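Hi,

Here is the model I promised to send over. Have a look through it when you get a moment, and then read on for my notes.

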Amino acid sequence: MSSLDTSLDRLVPPTRVRAWFEFGGRHAWTLLGVGLLVGAVVPFVVGDGFYLSVAGEMLMFAVLALSWDIVGGQTGYPSFGQMAFFGIGGYVTAIMFRDFGVFWPGLVLAGVLSLVAAAVIGAVVLRLRGGYFAIATLGILLTLTEITRNISITNGVDGISFLSTLPATTFYYVFLGLLGVEAGLLYYLSQTRFGYTLNAIRDDEAKVNAMGVNTTYYKVTAWMLAALFTGMAGGAWSLFNFFIDPLTAYNTAWNVELIAMALLGGTGTIVGPILGGMGLHAIIRLFVETYFTGWQLGLLGLIIIVTIIVVPSGVVGWLEERASAMDYYEHGGGAAGEESGGETGGEPE
Amino acid sequence: MSANYTRRELLGAAGAAGVVSLAGCSGLGGGGSGDTIVLGGTMSLSGDNADLGKLYQDAYNLTIDRINENGGVEAGDGNTYELELDLRDDQTDASASKTTYQELIQRQDIDYLVGPYSSTVTLPASAVAAQNEKPMVEGGGASPEIFSKGNEWIFGLLPTANKYALSSIDMAMAQSSPPESAAILAEEDTFSQSTADGVRAKMNDAGLDVVVDESFPTDTSDLSTNLGKVRDQDADILILCAHQKHAIIMANQMENQDVNVDMAMATVGSLNDAFKDEAGSSGNYVYGPSSWDINADFEDTVYGSTSGFADAVSGEFDYTPDYHSAAGETVILTFKQAFEQVDELTPTNVRDAIRRIEFTSAYGNIAFGDSGVIDKEMLVYQWQPEAGKQLVYPENVQQSEPTYPTPTWSER
Amino acid sequence: MSSVLQFVINGLLVGALFAATAVGFALIWGVVDIINLAHGEMLMLGGYVSYYTLVVVTGEAVASPALALATVPVAIVVVFVVGYLLQRLLVAQVLGTDAFLSLLVTFGLSIGLQQVALKLFSADTRRIAVEFADPSLTVGGFVVPKLKLVAFAGAIALTAALFLFLQRTRTGRSIRAVAQNPEAAALVGIDVAHTRAVTFGLASAIAAGAGAFIAMILAIQPQMGLIYTLKSFIIVVFGGIGSVPGALVGGLLLGTVEELVAGVVSSRWTLAVSFGLLIVLLIVKPDGLFGTGVRE
C-alpha cells in the first residue's frame with residue numbers, strides 16, 4: 001500500500017494537483033468561456049450525423065449528471081427519479097411540435113412545467129431520507145411511466161414519432177447552452193450561502209435545522225433547479241431523437257447511468273459530473289455499443305461496480321484527496337468528504 | 001489540470017472525428033470497401049422479445065453464409081460481391097436506436113440497412129434511414145405508424161400489425177356455429193395495441209359482441225384474473241394480442257382456470273417450436289397467424305425452395321423456422337435481388353430497385369406496395385393433437401379443417 | 001360480488017409468492033442494511049436451477065407434482081451458495097457507505113446477472129410443466145388451480161420456515177443480534193461478516209424457492225427479476241424492514257390489491273396503482289406496519 005502511495009506521489013504529486021485546483025479556481029470563468037467556445041466550434045468540425053449526435057448526447061448527459069448532483073451529490077439526496085422531469089420535458093416539446101409545429105415555446109413550457117412538477121413532488125418526497133428517498137423517487141418515475149402509457153395526449157404506448165424535426169445543430173447548441181448556464185450558475189452558487197447550506201444539509205441536516213435554517217426551502221429549490229435543467233434537456237432530446245415513448249422518456253436505466261456518471265467523475269463537485277457524463281457516454285457510444293454489442297448491460301454493470309469499489313469518490317474527488325493528501329493524513333482520514341465549492345473550477349468542456 | 005486535460009482531449013477527439021468523417025466522404029459511392037457489401041442493423045438480441053430476435057439473427061447469418069459459399073452476389077455493375085453483416089444488439093430499447101443507425105451509416109460506412117424487430121425501435125431507425133437516404137428493409141417492425149409517414153426508404157416484409165388477427169376472425173365467422181361474443185386481451189406495447197385496434201374494428205364490422213377488452217403491462221406474468229373474466233363473460237372466442245411469453249402463459253393458464261372458448265388465438269409467438277415445447281399439451285388447439293406457409297413451395301434463389309430453406313434452418317439450428325425466420329431470410333434476399341438489378345450500386349438506385357422488385361423467395365411472392373409493405377393476408381394455423389401444426393384457413397389452401405369449436409378441457 | 005371474491009382468491013394465491021420473495025428482501029435490508037436490487041435475479045436463478053435440474057435429470061421439463069417439488073430444495077441450496085458468496089465477495093465492499101452506493105452496486109449486479117443468464121439460458125421463455133390429472137379445483141363456484149395451491153402452500157411454508165429459523169436456532173439468534181447491533185454482536189463473539197453472508201444466502205435461497213414455484217405456475221425469463229424486486233420494495237415498505245410477518249401480510253395484500261385492480265378496474269392500471277401505493281405508503285406510514293421504523 002505504501003509503495004503504491006509513493007509511486008502515486010511521484011506520478012501525481014499532491015503539490016501539483018493542488019496547483020491545478022488553484023488554477024481552476026482562479027480562472028474558472030475564463031475556463032468556462034473557453035470550454036463553451038470549443039464546444040461551439042464542434043459542429044463545424046464534425047458535421048451532421050453520428051458524431052454530432054454523440055457530441056450532443058455527451059453534453060446532454062453532462063447536464064443530466066450535473067443536475068442529479070445538485071440534489072444527489074451537493075445536498076445528499078440521491079434521486080432515482082431524476083428522469084421523471086426529463087420525460088415531462090420531452091413530452092411537452094414533442095406534443096407542442098406535433099400539434100403546433102413549434103419548438104422554442106415548447107422548450108420554455110418544458111422548463112416551466114418541470115419546475116411546477118418539481119415543486120409539487122419535491123415538497124412531498126424531500127421529507128424522506130436515504131434509501132426511502134431513493135425508492136420514493138423511483139416510484140414516481142415508474143408511476144409517471146404507467147400514467148403516460150395510459151393517457152391519450154401522449155399517444156399511449158405508441159409514443160410520438162417524427163420523420164424530421166429541426167436541424168441537429170439546433171439541439172446541440174441547446175444542450176451546450178444548458179450546460180454552460182448550469183455550470184456557471186452552480187459555480188456562482190457554490191460561493192454563496194445557498195451552496196454552503198446545501199452542503200451543510202448533506203453533512204448534517206439535523207444540525208442545520210437546529211440552527212433555524214428552513215432546510216425544506218433549500219432542498220426544494222435545489223430540486224427545482226435540477227428539474228428545470230433536466231426538463232429542458234429532455235425537451236430538446238425528444239425532437240433530437242425523433243421519437244419519444246414512455247420507456248425512453250422515463251428511462252430507468254439512464255437514471256442509473258447518470259448517477260454512475262456523477263459518481264465516476266466525482267459527486268459534490270462541478271467538474272466531476274460533467275467529465276463523468278461526457279466520458280462515460282463517449283465510452284458507451286463510441287466503444288461499448290460498437291465492439292461489445294450484446295454485452296452492453298453486463299459491461300455497464302461492471303463499470304458501475306468497479307467504480308464504486310475502486311474510486312468511490314470519483315476521479316475529481318480522488319484528485320481532491322490527492323491535493324489535500326498532506327492534510328488528509330493529519331486529519332486521520334476524515335477530510336475526504338469535505339467540499340469547498342471554490343476549489344473546483346466550473347468549466348463544461 | 002482538468003481544464004487543460006479536457007480541452008486537449010476534446011480537440012483530439014474532434015480532430016479524429018473530422019478525419020474519420022472526411023475519410024467517409026472520400027469513400028462515398030461504394031457500398032463498403034472492395035468486394036464486400038456490408039449490411040448493417042440492429043436486432044432485439046437482449047431485452048423483451050430477444051427470443052424472437054434470435055430467429056432473425058440466425059436466418060440472416062445462415063443466408064449470408066450460403067450466398068457467399070455460392071460465390072456471392074453478381075451485382076448489376078458487373079462485379080461480384082461477398083455479403084457481410086454488422087448486426088448490433090438494440091436491447092429492444094428505442095433510446096439508442098437513432099445513434100446506432102447513424103453510427104452504422106457514418107462510422108461503418110454502411111449504405112444498406114436491415115431493420116430491427118421491435119416496432120418501437122424501428123420508428124427512430126426508419127427516420128434515420130430516410131434522413132440519410134439509405135434503404136432499410138425489415139422483417140420485424142409492423143406497427144402501421146412506421147409506414148404511414150410517407151417514408152420512402154423503409155420496406156417491411158410483414159403485414160402491418162392491425163391485420164394480424166383479421167383472418168382468424170374471418171375463419172371463425174365462416175364456421176357452422178359462428179361466435180357471437182369475443183374477448184380481446186392485449187399487451188401494452190405499440191405493436192400489440194395496433195393489433196388490438198384492428199381486431200376491435202373487425203369485430204364491430206362482424207357484429208361480434210366484445211365482452212372483454214383488457215390491456216395488461218408487458219411485465220405481467222399472471223393472466224388468471226383476465227382469463228377468469230373471459231370465462232365468466234362466456235366469450236366464444238379469445239384473441240390475445242401479445243408476444244411469445246404471454247402466449248405460453250395464456251395456454252397454460254386457460255387450462256388451470258378452466259377457460260373454454262371456441263377459438264383461442266395468440267397473435268405472435270404461438271406457432272414456433274419454443275411455444276409448443278413450453279406450453280405442452282395445453283398448447284393444443286391454440287391458433288396463430290402467419291404470413292408464411294412452410295409447405296407452400298416457392299422458388300428460392302439461395303435455398304432452391306421454401307422446403308430447402310426449412311431444411312437448412314432445422315439442420316443448422318435445432319428448431320423449425322417460422323415466418324420470422326423466413327422474413328429474415330428474405331430481408332437479405334431483397335437486397336441481393338436489388339443489387340443484381342442496378343447498373344451502379346448506390347443507395348438511391350437500390351431503393352428504386354427494391355420498390356420495383358418482383359421475385360419469389362422462401363417467404364413467397366415479394367413485391368412492395370406503395371407504402372413499402374408487402375400486403376399479405378395472414379394464414380391461420382392451429383396446433384392439433386395428432387397432426388401437429390396445421391394450416392387451417394383460408395380453405396383453398398388448408399391442410400386440414402380447423403377443430404372448431406375447441407373441445408372443452410374436460411372433453412380432452 | 002362472487003367475482004370479486006374470485007379476484008381476492010387469485011390475489012392471495014400469487015401474493016404468497018410475492019411474500020416469500022419479499023421476506024428475504026426485508027431480511028437483507030434489516031440485517032445487512034443493504035437494499036438489494038439484485039434480489040429479483042436470485043428468484044430468476046432459482047427458477048432456472050429448478051428448470052435445468054429437471055431437464056438434466058429427466059431429459060424434459062415435464063414432471064409429476066412430486067418430482068417438480070423435489071427440484072425446489074436444489075434451487076434453494078444452489079442459490080444459498082450464490083447469495084453467500086455475493087455478500088462475502090462483493091456486497092461487503094460497500095457496507096457502511098452511503099445507502100445509494102449499495103443500491104448502485106446491487107443494480108450493477110442485477111443487470112450483470114441478467115446478461116449472464118441471457119447468454120447461458122437464452123431469452124426463451126421457460127416453464128416447468130407439472131402434470132395434474134385434473135388441474136383445477138372448483139370450490140363453491142370459485143376456480144382454484146391445484147398447482148397454484150401447491151405453490152401457495154410452498155411459499156407460506158418457506159416463509160414460516162425462515163421465521164422459525166430466525167426465532168429458534170442459534171444462527172437465527174445471531175442474525176437477529178447482528179440486525180440490532182453489529183458492534184455488540186461482535187463483542188459477544190458472533191462472526192458478523194459470516195452472519196451477514198448467511199443472511200444474504202438465506203434470503204436469496206427463499207427467493208429462489210419462490211422462483212422455482214413461479215417456473216411451475218407462470219414462466220421464467222432472464223429479465224423477469226426487476227418486477228419482483230419492485231414488488232418486494234412495496235411490500236417491505238408496507239410491512240416494515242426486517243419483519244417476516246410484515247412481509248407475509250404485505251405480500252398477500254399486494255397480490256390481492258393487484259388482482260382486484262385488474263379485475264374491477266383494468267389490468268392496465270395494476271402497476272400504476274402499485275407504484276402509487278408505494279409512494280403514498282412511504283409518505284404516510286414510513287415506519288411500516290410491523291416495522292422497526294425509519295432510522296435516518
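**Where chain A meets chain B**

The contact between these two chains draws 45 residues from chain A and 38 residues from chain B. Please keep in mind that this is a predicted model. On the side of chain A that touches chain B, the elements giving two or more residues are helix 2 (14-26), helix 3 (28-46), helix 4 (50-74), helix 13 (271-291) and helix 14 (296-310) of chain A. Helix 3 of chain A gives the most, with six residues. By class, this side of chain A divides into 21 nonpolar, 16 polar and eight charged residues.

**Where chain C meets chain A**

Chain A also has a contact with chain C, in which 33 residues of chain C touch 31 residues of chain A. Which helices of chain C each supply at least two residues of the side that touches chain A? They are helix 4 (99-121), helix 9 (225-239) and helix 11 (270-284) of chain C. Helix 4 of chain C has the largest share of that side, at 14 residues. The residues on this side of chain C divide into 24 nonpolar, seven polar and two charged.

**Chains A and C, one by one**

The secondary structure of chain A comes to 16 helices and two strands. Its C-alpha atoms fill a box of roughly 65 × 50 × 40 Å along the principal axes. Chain A has a radius of gyration of 20 Å, which agrees with the value near 20 Å that a compact globule of 349 residues would have.

Chain C has 11 helices and four strands. For its 296 residues the globule rule gives 19 Å, and the radius of gyration of chain C is 19 Å, close to that value, so chain C is as compact as a globular protein of that length. The box filled by the C-alpha atoms of chain C is roughly 55 × 45 × 35 Å, again taken along the principal axes.

**A helix pair in chain A**

From helix 5 of chain A, the contact is made by A:Phe85, A:Phe86, A:Gly87, A:Ile88, A:Gly89, A:Gly90, A:Tyr91, A:Val92, A:Thr93, A:Ala94 and A:Phe97. From helix 10 of chain A come A:Ala227, A:Thr230, A:Gly231, A:Met232, A:Ala233, A:Gly234, A:Gly235, A:Trp237, A:Ser238 and A:Leu239. The contact of these two helices has 12 nonpolar, nine polar and no charged residues.

**The two domains of chain B**

Chain B is divided into domain 1 (29-159 + 295-366) and domain 2 (163-290 + 378-397). Taken over C-alpha atoms, the centres of the two domains of chain B are 30 Å apart.

Best wishes

Terms used: Residues are numbered from 1 along each chain as its sequence is written. Chains are lettered from A and ligands numbered from 1 in the order in which they are written. This is a predicted model: local features need pLDDT of at least 70, side-chain atom pairs count only at pLDDT 80 or more; totals for chains, interfaces and linings use all residues. Two residues are in contact if their C-beta atoms, placed from the backbone, lie within 7 Å. Ala, Val, Leu, Ile, Met, Phe, Trp, Tyr, Cys and Pro count as nonpolar, Asp, Glu, Lys and Arg as charged, and the others, Gly among them, as polar. Domain bounds come from an automatic or database domain assignment. The radius of gyration is taken over C-alpha atoms; the globule rule is 2.2 Å times the number of residues to the power 0.38.
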